[in-house]
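Please keep the sequence and the 3D view side by side while reading this report. It goes from the way the parts of the chain meet to single elements and residues.

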Amino acid sequence: MTTNDWFWWQRPDLGYVNGRLHLQQHDLQTLAESAGTPTYAYSSHRFHANWRRLAEVLAARGVPHKLFFALKSNRFLPLLTFLRLHGECGVDVCSPSELLLARQVGFRESDITYTNTAVSNADLDVIARHPGIQVNCDALSTIRRLGERCPGRPIGLRINPQLGLGYNDALHYAGAKTTKFGIYLEHLPEAMALARQYDMPITRLHFHAGSGYLSPQLDTFERILVENGRFLSQLPDVTTVNIGGGLGLKLTADGHALDLDRWGDLLAAFAQEWDVTIQAEPGDYLIKDAGVLLLQVTMVERKKETLFVGVNGGFNLQPLSVYYQTPFVVVPTKLRDGEMQPTTVVGNINEGIDLWAENIPLPPLAEGDTLAFLNVGGYGSAMSSNHCMRGQFSEYLLLD
Ligand SMILES: Cc1ncc(COP(=O)(O)O)c(C=O)c1O
């Protein structure tokens, strides 16, 4: 890897200024010193820019649309409040607690989509008390039990397009193997009959086929849209198609990005063909590259041939990358002079899998330094656990 490649992740609002890492003009070393570590910091500018970028791609093509931030990816209250106060983007929730949180932050019911799996009666009771939220039913059982509670309520159907996409197979939510997610085409007649029985018009289709799709997966995305057509042709009341989340980001120096122009073109053609409004509920795409995790170097020690750098936080603070093997970037907040050397970064949890990165090129480090983990804004704090009772961290929203 050349030195230039090492800096591939830099962008105007994230990079080194005089050897010190800045995000949205905030010096992250200074933040680590004042806030302590572990600390997540989120750039409000980047978060905003990410949803604006998607909205503009769709608006430029005349696609009627509405975006919803998938709250499961990050529920830091200041971030949600920031989103709400901008008033441009709703939220997507997947549990009663997330629904109530969204309401506490001030989201209107009409700005909330709810897509849940293995729904309990208790879940449905909460949904029934919120008649204005947009529910997507992902099983026949959900339609029946929701119908018993609120006959006449318009519903969405989460469908299973039998095609998956994402950073890797583990992140595919549909495909050749039958999954728990959504209603299959062969069960559509039963779904329609149940909806009719309870007088519930089906006004929306929903799919979420996986997380982390990039340009090479856009052919599959196109086929998923075609698959949607097979449902739409039988559902005359549908006015909206929710394409879920799953948009991916370039995560490595030589990795792919997502061609948003082609994405927008595909959606424009689809929306025009079926005369539907497009909804999308991205989580990671909006917050992943807006968030960094700051950890302190606790140990620098060579064991046999390996240079280990220990930090004061483990995989329990960012489980996504361990569950799904998604890459992230590790860099120091202050660059020291000296040769890059292969370095293995490990956390403070007594588990063999607590390996942040193996043999990555890093400049010299010393105990007490701070490392910044980039592209970890999604599914970090939200998924974290208190394993080994090391679940403590703080979170900061970076404003101007
Ligand atoms: C139904 C649904 N919508 C949206 C999302 C958000 O996905 P992502 O964060 O990959 O955009 C998920 C994530 O699993 C999901 O299950």
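Helices (H or I, at least four residues) and strands (E, at least two) are DSSP runs, numbered from the N terminus.

Domain 1 consists of 3-43 + 289-398 and domain 2 of 44-287, with bounds that come from an automatic or database domain assignment. The centres of the two domains, taken over C-alpha atoms, are separated by 32 Å.

## How the model is read

Residues are numbered from 1 along each chain as its sequence is written. Since the model is predicted, local features need pLDDT of at least 70 and side-chain atom pairs count only at pLDDT 80 or more, while totals for chains, interfaces and linings use all residues.

## Two helices with a buried face

In helix H6 (residues 121-128), the buried residues are Asp123, Leu124 and Ile127. A residue is called buried if 20 or more other C-beta atoms lie within 10 Å of its own, exposed if 12 or fewer, and partly exposed in between, with C-beta atoms placed from the backbone. Seen down the axis of H6, the buried residues fall within an arc of 95°, so they line one face of the helix; the arc is that of the directions from the helix axis to the C-beta atoms. Asn121, Ala122 and Asp125 are exposed on the other side of H6, whereas its buried residues pack against helix H5 (96-105), strand E7 (112-115), strand E8 (134-137) and helix H7 (140-149).

Which residues of helix H8 (residues 188-197) are buried? They are Ala191, Leu194 and Ala195, and, seen down the axis of H8, they fall within an arc of 100°, so they too line one face of the helix. Pro189, Ala193 and Arg196 are exposed on the other side of H8, while the cover over its buried residues includes H7, strand E9 (155-158) and strand E10 (202-206). Just after H8, aspartate 199 takes a positive phi of about 60°.

## Around the ligand

Of the 15 residues around the ligand, those that come nearest are Ala70, Ser211, Gly245, Gly283 and Asp284, and a residue is counted as near if its C-beta atom, placed from the backbone, lies within 6 Å of the molecule. By class, this shell has 3 nonpolar, 9 polar and 3 charged residues.

## A sheet of three strands

An open sheet is formed by 3 strands in the order E1-E2-E3, with antiparallel pairing, where two strands pair if DSSP finds at least two bridges between them. Its edge strands are E1 (14-17) and E3 (26-27), each of which pairs on one side only. Between E1 and strand E2 (residues 20-23), which run antiparallel, there are 4 bridges, and glycine 15 stands opposite histidine 22 in E2.

Conventions
Contact = placed C-beta atoms within 7 Å. Nonpolar A, V, L, I, M, F, W, Y, C, P; charged D, E, K, R; others polar.
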